[in-house]
Amino acid sequence: MYAWLQLTKKEFRLGLPALLVPIVIFVFASIVSFLIAEQNGFGWEGVFGAAMFVVGLQFFYLVYYLLYSLHSEKKKLHLWLHNPLPSYLLLLAKVVAGLVSMLITLLVTGITLIVSLNLSNVMNDYIERIGLTKVVFFLGSHLILIALSLAVLFLFFWMIYLLYTRFFGTFLSFVFTFITFILLATVYDWVTSSELYDILTKWGAIQVNMLKGFSVTINDNGSNVIAEPANLHLYIGSYVFETVLALILFFITSWLLDKRIEV
């Protein structure tokens, strides 16, 4: 456990630029947005828009972080692969380091989003209607879950790519990886369209009163926010299915790294 914690710290230090650069860019973009929008009297609405955009990008943060981390380690990949820890712990250290970085960036962008929403004169009237705490928890938790799923998917296809590079050049390996992605995506689409998928996932229904979305209109006469409430029907079975699928992909990725790539 101690060795894995030390490895996770090393991974966090390795990925530090992937944490700091987006935060610096976000702060700069928020300041520019405020200064431009403030000329028309909507400074905080401008910051709110910038924060909303960046929070949306967080779905892909773990993929971006892992891509940076693996690319940084490309020239000394053999050293990483010869670490005595099992492959699943090597991969888990990168994912955990990326998740910590993601939570930090999410904290910065999320606080900016809430503060700008509160300081916005017009939007302030809608906070109670939206139920901000519930929305933040729901969207934040799903943002993290989807980011983790995309990260596992990225690691799986990255390993497929490394496997192909043992037999083909870089370009052909990329092409074959893309073809593999299309084939597996087709199989996934076929499975999720079947009756068996409905039986496996549509149990444990949960009704959540949530926003379908909201739009912000800013013009010379002022700003306007239109909230679109909706009742969402979620199923615990879907969460279980996606979790099991992610664990299977992570297991296969670790096995490939152990048996097919590392040797």
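Angles under 35 degrees count as roughly parallel, over 145 as roughly antiparallel, 65 to 115 as roughly perpendicular and the rest as oblique. The model described here is predicted: local features need pLDDT of at least 70, side-chain atom pairs count only at pLDDT 80 or more, and totals for chains, interfaces and linings use all residues. Residues are numbered from 1 along each chain as its sequence is written, and side-chain values use heavy atoms, with hydrogens and water left out.

**Helix packing**

Helices (H or I, at least four residues) and strands (E, at least two) are DSSP runs numbered from the N terminus. Axes are lines fitted to C-alpha atoms, for helices over the stretch in contact, and angles run from 0 to 180 degrees between N-to-C directions.

| Helix pair | Angle | Axis distance |
|---|---|---|
| α1 (residues 2-14) and α2 | about 40 degrees | 4 Å |
| α2 (residues 16-38) and α4 (residues 61-72) | roughly 130 degrees | within 9 Å |
| α3 (residues 43-57) and α6 | about 150 degrees | 8 Å |

The helices α1 and α2 are therefore oblique to each other. Contact (heavy atoms within 4.5 Å) joins Phe12, Arg13 and Leu14 of α1 to Leu16, Pro17 and Leu19 of α2. By class, this contact of α1 with α2 has five nonpolar, no polar and one charged residues; Ala, Val, Leu, Ile, Met, Phe, Trp, Tyr, Cys and Pro count as nonpolar, Asp, Glu, Lys and Arg as charged, and the others, Gly among them, as polar.

The pair α2 and α4 is likewise oblique. Its crossing is right-handed; a crossing is left-handed if the near helix is turned anticlockwise from the far one by less than a right angle, and right-handed if clockwise. Pro17, Ala18, Leu19 and Pro22 of α2 make the contact with Tyr61, Tyr64, Tyr65 and Tyr68 of α4.

Helices α3 and α6 are roughly antiparallel, and their crossing is left-handed. Residues of α3 in the contact include Trp44, Phe48 and Met52, and those of α6 include Thr109, Leu113 and Ser116. The contact of α3 with α6 divides into ten nonpolar, three polar and no charged residues.

**The largest pocket**

On a 1 Å grid over the protein atoms alone, a pocket is an open set of points where a 1.4 Å probe fits, with protein on both sides within 12 Å along at least five of seven lines; lining residues have an atom within 4 Å of a point. The largest pocket has a volume of about 1100 Å³, where volume is the space filled by probe spheres set on the points, joined across faces, edges and corners. Of its 31 lining residues, Ser149, Glu242, Thr243, Leu245 and Ala246 lie nearest the centre. The lining comprises 25 nonpolar, five polar and one charged residues. At least two lining residues each come from α6 (87-119), α8 (132-165), α9 (170-192), β2 (222-235) and α11 (236-261).
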